[in-house]
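Work through the exercises below with the sequence and the 3D view open. Try each task before you read its solution.

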Amino acid sequence: MARYVIVGGTVVTVFSLLGGSWSRIQWLVAAMGVGLGFGLQEIFANFVSGLIILFERPIRIGDTVTVGDLTGVVTRVQARATTVVDFDRKEVVIPNKTVITERVINWTLSDSVTRLVLKVRVAYGSDTALVCELILKAARSVPYILTDPAPCVFFRAFGDSSLDFEAFLFVEGVDQRLPATHQVLTAIDLELRQAGIEIPFPQRDVRFRSALPSLAAQGAVQRTDEDDEASTNATASRTSRNPKP
């Protein structure tokens with residue numbers, strides 16, 4: 001803002017030193033403003049959006065944000081655009097109008113703690129209380145998992161081929177989500193195997209049915225007609241070879 005104020009003040013001062021006055025150039029400035037408003041409306045929209053971002057600060061440098069399908073860390077906020085570095089280390093320049101008008105998720109605006117939801121399926125006949133205890137034991141053994149809020153496990157549904165559980169866990173930041181998920185799932189798999197609890201795979205029963213009676217009868221009638229036609233053709237052939245005297 002200070003830079004733009006200094007530039008504007010400098011322009012006005014230069015015009016004053018050259019002998020111009022505001023009364024003489026105000027209509028020119030107004031005409032230029034209207035022309036720029038129509039021709040460069042996207043640029044002005046991004047500029048105004050940049051001012052809103054700078055004053056309201058919905059995102060800040062260092063925040064982890066999700067804009068559309070892009071997730072990354074904010075590295076620069078300027079008057080026209082915001083720069084985000086994604087997890088592939090690519091710098092993506094996002095117009096400020098997009099940041100203001102679209103849905104933006106700021107993972108670290110006021111609290112960096114984030115929740116993980118892990119789904120675990122076990123075979124029918126398993127002890128549900130024991131499964132919950134084993135999942136909690138595995139989660140608590142991972143250093144990334146916070147004790148406040150405490151982890152919890154719920155038996156959610158009877159699936160097609162499994163009993164479905166969900167574990168709700170909390171980690172300190174978004175950068176810990178993947179390593180925490182890896183370690184927790186590894187620990188859960190080890191605990192379940194040691195307890196003899198099976199993790200099932202989807203199963204399907206396939207049954208083959210014989211032809212319908214009506215179709216079978218229709219096939220039999222068709223075969224009978226074909227046999228009769230063949231017999232008639234054979235009799236006619238013998239008669240033509242052996243004519244009566």
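**Exercise 1: The surroundings of Glu166**

Leaving out residues up to four places away in sequence, Glu166 touches Val117, Leu118, Lys119, Cys152, Val153, Phe154 and Arg156. A contact here means heavy atoms within 4.5 Å. This is a predicted model: local features need pLDDT of at least 70, side-chain atom pairs count only at pLDDT 80 or more, and totals for chains, interfaces and linings use all residues. Residues are numbered from 1 along each chain as its sequence is written, and side-chain values use heavy atoms, with hydrogens and water left out.

Task: Is Glu166 buried or exposed? Which side chain does a polar contact join to that of Glu166?

Solution. 
- Step 1. Glu166 is in strand 8. Helices (H or I, at least four residues) and strands (E, at least two) are DSSP runs, numbered from the N terminus.
- Step 2. Check the accessibility. Buried means under 20% relative accessible area, exposed means over 50%, and partly exposed is in between (1.4 Å probe, protein chains only). Glu166 has 14%, so Glu166 is buried.
- Step 3. Find the partner. The side chains of Glu166 and Arg156 are joined by a polar contact of 2.7 Å. Such a contact is a pair of N or O atoms within 3.5 Å; within protein, one must be able to donate a hydrogen and the other to accept it, and residues adjacent in sequence count only if both atoms are side-chain atoms.

**Exercise 2: Rings in a cluster**

Task: How many aromatic pairs does the structure hold? Which residues do ring pairs link into a cluster?

Solution. 
- Step 1. Set the rule. Rings of Phe, Tyr and Trp (its six-membered ring) pair if their centres lie within 6.5 Å; planes under 30 degrees apart count as stacked, over 60 as edge-to-face and the rest as tilted.
- Step 2. Count. The structure holds four aromatic pairs.
- Step 3. Take one pair. The ring centres of Tyr124 and Phe158 are 6.4 Å apart and the planes meet at 15°, so this pair is stacked. Tyr124 sits in the loop between strand 6 (114-122) and helix 5 (128-140), and Phe158 in strand 7 (residues 152-158), so the pair ties together parts 34 residues apart in sequence.
- Step 4. Tyr124 is partly exposed at 44%. Phe158, at 63%, counts as exposed.
- Step 5. Take another pair. Phe155 and Phe165 are stacked, 4.9 Å centre to centre with 25° between the planes. Phe155 is in strand 7 and Phe165 in strand 8 (residues 163-171), 10 residues apart.
- Step 6. Phe155 is partly exposed at 34%, whereas Phe165 is buried at 1%.
- Step 7. Join the pairs. The cluster holds Tyr124, Phe155, Phe158 and Phe165.

**Exercise 3: Two strands side by side**

Task: How many bridges join strand 7 to strand 8? What is the bridge partner of Phe155 in strand 8?

Solution. 
- Step 1. Two strands pair if DSSP finds at least two bridges between them.
- Step 2. Strand 7 and strand 8 share six bridges and run antiparallel.
- Step 3. Phe165 is the bridge partner of Phe155.
- Step 4. Follow the chain. A hairpin of four residues joins strand 7 to strand 8.

**Exercise 4: Helix 5 and its cover**

Task: Which residues of helix 5 are buried? What covers them?

Solution. 
- Step 1. Check the length. The expected span is 1.5 Å times one less than the number of residues. The 13 residues of helix 5 should span 18 Å; the end C-alpha atoms are 19 Å apart, which agrees.
- Step 2. Look at the start. Asp127 caps the N-terminal end, with a side-chain oxygen 3.2 Å from the backbone nitrogen of Ala129.
- Step 3. List the buried residues. They are Val131, Cys132, Leu134, Ile135, Leu136, Ala138 and Ala139.
- Step 4. Recall the helix rule. An α-helix has 3.6 residues a turn, so residues three or four places apart point the same way.
- Step 5. Name the cover. It includes strand 6, strand 7, strand 8 and helix 6.
- Step 6. Visit helix 6 (residues 177-194), where Glu191 lies. Glu191 counts as buried at 14%. Leaving out residues up to four places away in sequence, Glu191 touches Leu134, Lys137 and Ala138.
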